[in-house]
Amino acid sequence: MGVLACTSPSHYSPGNPIYDFFLGRELNPRICSFDFKYFCELRPGLIGWVLINLALLMQEAELRGSPSLAMWLVNGFQLLYVGDALWHEEAVLTTMDIIHDGFGFMLAFGDLAWVPFTYSLQAQFLLYHPEPLGLPLASVICLINAVGYYIFRGANSQKNTFRKNPSDPRVADLETISTATGRRLLVSGWWGMVRHPNYLGDLIMALAWSLPCGVSHLLPYFYLLYFTALLVHREARDEQQCLQKYGLAWHAYCRRVPYRIVPYIY
Ligand SMILES: NC(=O)C1=CN([C@@H]2O[C@H](COP(=O)(O)OP(=O)(O)OC[C@H]3O[C@@H](n4cnc5c(N)ncnc54)[C@H](OP(=O)(O)O)[C@@H]3O)[C@@H](O)[C@H]2O)C=CC1
Ligand SMILES: CC(C)CCC[C@@H](C)[C@H]1CC=C2C3=C(CC[C@@]21C)[C@@]1(C)CC[C@H](O)C(C)(C)[C@@H]1CC3
């Protein structure tokens, strides 16, 4: 990839071939302006995930006459998530994958295979294990998804708006801590509640995607379990990077906002 790239800095490598294979050597492999990592992060995997879900919904309609309410909910929630990612496409440029991680096995396999085939597990499960779902429970699940989405979107938009233009009226009144790099850290609003409010919203949505499948089987909860492990690990990596970037200011932020993801728990 390094040979093909026109302008790609190398990703930090400790010289360990397994690490290099997993996290990649190139940070942004490109052919001129075509950035492989940026393209793969959003387009093929996320669109493939929605198409697989839709195919499963249509197959259920063919098998049982019409798609079940549970199948509609799973399709609707995940379509909202993917639509949101594509609508806010430029926000992906500030994620850890784009800024820090190389385009190695983790992201290539993760984006192109893992996301479409494992993130559609709930819809696959519903096709083989139909789950009757009444309107009251469906409404509660919709509410859980709406709360998760509200936190996820609110937190991500607040940070992105602040990073783009700190004097934007939507964020100008928020309290901040100055750092030695000149960048400021938000300490009120969503980012004053926990240090990763966007992860909290994402996890609440993950729960809402599994609940329509009932509680008789662990399989539909695979995403929630995997995602919790991924975000706990990701949060620890991000803390390390922020500590390196912001030093004492990061310590001050941690004292001011002691919880990482879940208020009063973690
Ligand atoms: N569905 C999925 O499979 C996955 C989804 N996600 C989602 O992707 C989104 C992005 O996640 P990710 O890239 O991990 O991390 P974040 O979007 O949380 O970004 C972390 C960065 O934000 C900045 N930051 C941290 N605290 C503050 C603060 N108080 N004020 C201002 N800036 C701050 C720091 O960078 P700097 O200061 O340099 O700007 C830090 O490195 C999340 O919503 C996550 O849930 C993530 C992984 C997988
Ligand atoms: C193969 C391994 C076990 C794990 C691979 C991890 C990857 C699948 C994830 C790492 C970060 C991701 C993000 C999204 C999808 C999953 C991967 C690639 C994301 C594009 C999903 C949609 C969101 O709105 C987002 C914020 C744009 C996400 C960015 C991080």
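Visitor: Why is Asn156 called buried?

Guide: Asn156 has a relative accessible area of 14%. Buried means under 20% relative accessible area, exposed over 50% and partly exposed in between (1.4 Å probe, protein chains only), so at 14% Asn156 counts as buried. Asn156 lies in helix 7; helices are DSSP runs of H or I with at least four residues and strands are runs of E with at least two, numbered from the N terminus. Please keep in mind that this is a predicted model, where local features need pLDDT of at least 70, side-chain atom pairs count only at pLDDT 80 or more, and totals for chains, interfaces and linings use all residues. Residues are numbered from 1 along each chain as its sequence is written, chains are lettered from A and ligands numbered from 1 in the order in which they are written, and side-chain values use heavy atoms, with hydrogens and water left out.

Visitor: How far from Asn156 is Ala91, in sequence and in space?

Guide: The two are 65 residues apart in sequence, and their C-alpha atoms are 8.2 Å apart.

Visitor: What makes Phe162 buried?

Guide: Phe162, which also lies in helix 7, has 5% relative accessibility and therefore counts as buried. Beyond its neighbours within four places in sequence, Phe162 is in contact (heavy atoms within 4.5 Å) with Val171, Thr176, Arg184 and Leu186. The C-alpha atom of Lys245, 83 residues away along the chain, is 18 Å from that of Phe162.

Visitor: Why are helix 3 and helix 7 called roughly parallel?

Guide: Helix 3 (residues 69-87) and helix 7 (residues 135-164) pack at about 10°, with axes 11 Å apart. The axes are lines fitted to C-alpha atoms over the stretch in contact, and angles run from 0 to 180 degrees between N-to-C directions. Angles under 35 degrees count as roughly parallel, over 145 as roughly antiparallel, 65 to 115 as roughly perpendicular and the rest as oblique; this pair is therefore roughly parallel. Among the residues that meet are Phe77 and Tyr81 in helix 3 and Ile141 and Phe152 in helix 7. By class, 11 are nonpolar (Ala, Val, Leu, Ile, Met, Phe, Trp, Tyr, Cys and Pro), one is polar (the others, Gly among them) and two are charged (Asp, Glu, Lys and Arg).

Visitor: How do you know how helix 2 and helix 6 are oriented?

Guide: Their axes come within 9 Å and cross at roughly 10°, so helix 2 and helix 6 are roughly parallel to each other too. Asn53, Leu56, Gln59, Glu60, Leu63 and Arg64 of helix 2 touch Ala123, Gln124, Leu126 and Leu127 of helix 6. That contact has five nonpolar, three polar and two charged residues.

Visitor: What makes Tyr264 exposed?

Guide: Its relative accessible area is 72%, so Tyr264 counts as exposed. Tyr264 has a positive phi of about 65° although it is not a glycine.
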